[in-house]
Each structure stands twice: as C-alpha cells, then as structure tokens.
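This report describes the fold of one protein chain, moving from individual residues to the overall architecture. The sequence and the model are shown below.

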Amino acid sequence: MNSKNILLTATLCGLLLTGCTKQTKKEIEYPVGVQIPRLSPYELNVIAEKIYQNETSGNPKNIMFWSPNENFASLGIGHFIWYPQGEPKKFDETFPAMIDYFIANKVEIPAWLKRVRKTGAPWRNKAIFERARGDKEFQQLKYLLLNTKALQTQFFFDRLHASIPEIIKYVAPQYRQHIVNNYNALAATRGGWYPLIDYINFKGKGIKQTERYNNQGWGLLQVLKTMRPVKAGPFALMEFSRAAQAILERRVRNSPPQRNEQRWLKGWTKRTKGYATPIL
C-alpha cells in the first residue's frame, strides 16, 4: 500500500445475466492499509442465495415483509428498510437507495416506484401493507425483487465498500489500526466477504446514534473492534463469529424490557454462528 491515502473510484461489476452493473461515479477516500474489495461472480451468487435464505427462509412471500414490531416495510433479499412518509427513522433507511441503484444500472422499474421513492413507502402501516399483497403494484415489486438478487447483493457489497472510511473515521485513533487489520483479515480469507456483507446489511455500520442502547452500538464497527487481533484464515471467520454473537448478546442485555429482544436471540445466534464456516 502507498503511504498516502488512496482515492478510489468504485468500479466493481455486479453480475446480472446481461452483464456488468453501472456504478455511480464517486471517489472514496480510504485509510492506509484498507484493502480494495474484490468479489468474483461465483462469490456474488453464492452470497446472494445465502442472504436470501437468511432473511426469507427461502419463501418468496417473505421478500416483502412488515414486522409487527416495526413502523417500516422490509423489502428485498436483504430486507431493506422503507419508512412511510412522516414516520421517525430510527434505523438507516436503505430501500430508496436500492431503487436509485436499480435506475443507475438500467433496470426497468414500474413508474409508480420511481414516483414514490423519495416520498416514502406507499403503505402507511402493516395492516394496509398486508391488504395490498394481491394488488398489481405489490406484485410488480415482489417480482422485481425476486429477479434481481445478484444486483441487490452487489448493492450490499458497494455499501460495505463505501462504509469502511466512515467507520474508520468515526472511532478514536487508537482503535483504527485494529479495525483495519481485522477487516483486512476477513477480506483476505476465503469466504470472508460473506460475514462482512451480511452483518452490515443485518445490523448496520454501527455509527448511527439512534442505533444504541446504553450508548453501546451493535453494528459492524462494534464487531470489528471487539474482535481479537487475527490474521487471514479460518480463525478470522471464527473470531468474527464470536465477536458478532457477543455484540448481539450485549444488545439484548441493554435493550428496553418492553421490546422483549430475547425472543430474537436464538435466530441471531444461529445466523452469526454460521459465519464461522466458509460458505464457499
């Protein structure tokens, strides 16, 4: 690596049957020592299917979902968040950016989806969302999401790529090299991209102030910081898995009792334990 910060243009190609995806022209400043992401078409498709299974249990109905405990719709293989207009946005809202990504990559989307992408989800609450399942617009979006799994995964990957500078700059200087080293260890490990991509989609970057209990976050930043120092190889996967479980257990301990987050911990633990075994 050069001793100076490197300016990169995000030019990764996502895999669709028709070829490469078009990237937004954007320069990202990377700290010294952070590896430029690389993902093969094979990895992209394997990760897409794994995330789809994680979020939907392989049921196409669940690609469009609204939890009874939330004030937003969860859409796509990564259950991207989309809030109705006027709802408080406690968590990162990612679905409007996914729509923009479709447009940038020349994916044909319904006209109504283009119109509402900046104003908010067209369903005000879960009851209206469930009643709309048979509507033409609902079905159009469902099949769009089922037919663009690879592109959605490339969107996750690009999001990870763009988030690392934010994460590094967010933490105190004494922790930065430790986080860079652990990130690079995962990046250089066969199968290491999957836990990185899945976790940032699953629990976020870890820098949003509203994503905290007792001032302790649960995103990718916290996992990389909690990890012990590792080198590339199987132990990097095992250590990421251990740290992710520890962070989510801490989240549950800190959570407000009325949210009853303990009920989710079994599924979260199963998911994070899976990070220890390479999927490739």
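Pro 165 is located in helix α6. The model examined here is a predicted one. With a relative accessibility of 6%, Pro 165 counts as buried. In sequence, Pro 165 and Val 34 are 131 residues apart, yet their C-alpha atoms lie 8.8 Å from each other in space.

Helix α6 covers residues 149-170, which amounts to 22 residues. From the first C-alpha to the last, α6 reaches 31 Å, close to the 32 Å expected at 1.5 Å a residue. Of the 22 residues of α6, 17 are buried, so the helix is largely enclosed by the rest of the structure.

Gln 154 also has its place in helix α6. Its relative accessible area is 2%, and because buried means under 20%, Gln 154 falls in the buried class. The C-alpha atoms of Gln 154 and Asn 45 are separated by 9.6 Å, although the two residues are 109 residues apart along the chain.

## Buried glutamates

Which side chains form polar contacts with the side chain of Glu 55? Another, of 2.9 Å, joins Glu 55 to Arg 271. Glu 55 belongs to helix α1 and, at 17% relative accessibility, counts as buried. When neighbours within four places in sequence are set aside, Glu 55 is in contact with Ile 77, Gly 78, His 79, Asn 201 and Arg 271.

Glu 239 is found in helix α10. At 1% relative accessibility, Glu 239 is counted as buried. A polar atom of its side chain lies 2.7 Å from the backbone nitrogen of Arg 228. Residues up to four places away in sequence not being counted, Glu 239 touches Thr 226, Met 227, Arg 228 and Val 230.

| Residue | Helix | Relative accessibility |
|---|---|---|
| Glu 55 | α1 | 17% |
| Gln 154 | α6 | 2% |
| Pro 165 | α6 | 6% |
| Glu 239 | α10 | 1% |

## Loop residues with positive phi

Ser 57 is not a glycine, yet it has a positive phi of about 55°. Ser 57 lies in the loop that runs between α1 (41-56) and β3 (64-65). Is Ser 57 buried or exposed? Its relative accessible area is 61%, and Ser 57 is exposed.

Asn 260 likewise has a positive phi, of about 50°, although it is not a glycine. The loop containing Asn 260 is the one between α10 (234-254) and α11 (262-273). At 42% relative accessibility, Asn 260 counts as partly exposed.

## The three-stranded sheet

An open sheet is formed by three strands in the order β3-β4-β5, with antiparallel pairing. β3 and β5 (80-82) stand at the edges; each has a single partner strand, so one side of each is left without a neighbour in the sheet. β3 and strand β4 (residues 73-75) run antiparallel and are joined by two bridges. Within this arrangement, Ser 74 in β4 is the bridge partner of Phe 65.

## Overall architecture and confidence

The secondary structure of the protein comprises eleven helices and five strands. The protein has 280 residues, and buried residues make up 52% of them. Among contacts with a separation of 6 or more, 66% are between residues 24 or more positions apart.

The mean pLDDT of the protein is 88, and 90% of its residues reach 70 or more. Over residues 1-26, however, the pLDDT is below 50. Beyond near neighbours in sequence, this stretch has 63 contacts in the model.

Definitions and conventions
Residues numbered from 1 in each chain as written. Predicted model: local features only at pLDDT ≥ 70, side-chain atom pairs only at ≥ 80, totals over all residues. Heavy atoms only, no water. Helix = DSSP H or I, 4+ residues; strand = E, 2+ residues; numbered from the N terminus. Expected span 1.5 Å × (residues − 1). Buried < 20%, exposed > 50% of the residue type's maximum accessible area, 1.4 Å probe, protein only. pLDDT = per-residue confidence, 0-100. Contact = heavy atoms within 4.5 Å. Polar contact = N/O pair within 3.5 Å; in protein donor to acceptor, adjacent residues only side chain to side chain. Pairing = 2+ DSSP bridges.
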